[in-house]
Amino acid sequence: MAQAFRPSFPLIRKETLQWFPGHMGKGLRQMQQKLKSVDCVIEIHDARIPFSGRNEDFRYTIRGIKPHILVMNKKDLIPHEIKSKIVEKIKSSDDCQHVLFTNCKDHQCEGVRRLFPLAKKLIVNSNRYHRSELGEFCIMIIGVPNVGKSSLVNILRNKHLHKKSASPVGAVPGVTRSVLNRIKISSDPPIFVLDTPGILTPKVTNNESGLKLALCASLQDHLVGPVVIADYLLFRLNRDSNFKYVEFMGMEKPSDNIIEVLAAGAKHFNKSLRVKTVLGDHVIRPDIETAANYMLRAFRKGEFGPVILDNL
């Protein structure tokens, strides 16, 4: 008899999924102020959540009538065969007609190679108004936190100028805190980019969309809690009959109980805590939170195989 798993994930408090610190509001205002000096907007997003995770406010507050390219980054973490379906759905909504898939950790990535010529073509063929006589181009790169904006800036700069990284990159969302000075990525023609802070929508109205953002590390883990995020990951893996976590966590069979999974993982990775009881003595307990972090890190590195979290 096949094992039965949860048909749905329990709702959590929406307040837990809200993260719009002051630097995001300030960054959004700075981005709007710099739009007059921008010729093209490149929106970069996590390919695992191509629809639900995007900041829809960008369509009205930032992109406007500027030439727009949508970059789906981390393509190595999704099934190759679904790319055309993602593009078809995006274009059918008239959201963006120029979609590229990239892996910003791969310097030979075809999507990265095509991005530069496409941006130049769109800019040259657009009405630049007061910037039409300038011999230089300026591109603004936008997106939610931790999707690879700074990595894209650095790979473009290294590719065309052969210089070291100019923009800080980190695994924690929110590393880029303000709209930086212009970063030169090309000399012929002169092209500059503006790296920007990751901006989430001020209100996450959909519970599952917020959990997907958290799972893909666009929300800082401590806001939702690594155990809760790991539980949502377990729910998704079981729902998709993806049981690769069983071997990773040192288990014998799949489980729908996150505490059981994390306890097994803590034992497997030899992670424990010495806890003082109310009676004053000490007991050794499995380090559940560290096991949750191990499980999340494995998923984010693609160790459970390619996945897509949105419905196509």
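In the predicted model, Asp-310 has a relative accessibility of 6% and therefore counts as buried, the cut-off being under 20%. Asp-310 lies in the segment that comes after helix H11 (288-300). Two polar interactions of its side chain were identified. The Asp-310 side chain reaches the backbone nitrogen of Phe-51 at 2.8 Å, and a polar contact of 2.7 Å joins it to the side chain of Ser-52. When neighbours within four places in sequence are left aside, the residues in contact with Asp-310 are Arg-48, Ile-49, Pro-50, Phe-51, Ser-52 and Lys-212.

Lys-212 is also one of the buried residues of helix H6, which spans residues 207-215. H6 is largely enclosed by the rest of the structure, because eight of its nine residues are buried. These are Asn-207, Ser-209, Gly-210, Leu-211, Lys-212, Leu-213, Ala-214 and Leu-215. The buried residues of H6 pack against helix H7 (221-224), H8 and H11. After H6 comes Ala-217, which has a positive phi near 70°.

H8 comprises residues 226-239, and the axes of H6 and H8 are 10 Å apart at an angle of about 105°. H6 is therefore roughly perpendicular to H8. On the H6 side, the contact involves Glu-208, Leu-211, Lys-212, Ala-214 and Leu-215; on the H8 side, Ile-229, Tyr-232, Leu-233 and Arg-236 take part. By class, the residues of this contact comprise six nonpolar and three charged, with no polar residues.

Key. Residues are numbered from 1 along each chain as its sequence is written. This is a predicted model: local features need pLDDT of at least 70, side-chain atom pairs count only at pLDDT 80 or more; totals for chains, interfaces and linings use all residues. Side-chain values use heavy atoms; hydrogens and water are left out. Axes are lines fitted to C-alpha atoms, for helices over the stretch in contact, and angles run from 0 to 180 degrees between N-to-C directions. Helices (H or I, at least four residues) and strands (E, at least two) are DSSP runs, numbered from the N terminus. Angles under 35 degrees count as roughly parallel, over 145 as roughly antiparallel, 65 to 115 as roughly perpendicular and the rest as oblique. Contact means heavy atoms within 4.5 Å. Ala, Val, Leu, Ile, Met, Phe, Trp, Tyr, Cys and Pro count as nonpolar, Asp, Glu, Lys and Arg as charged, and the others, Gly among them, as polar. Buried means under 20% relative accessible area, exposed over 50%, partly exposed in between (1.4 Å probe, protein chains only). A polar contact is a pair of N or O atoms within 3.5 Å; within protein, one must be able to donate a hydrogen and the other to accept it, and residues adjacent in sequence count only if both atoms are side-chain atoms.
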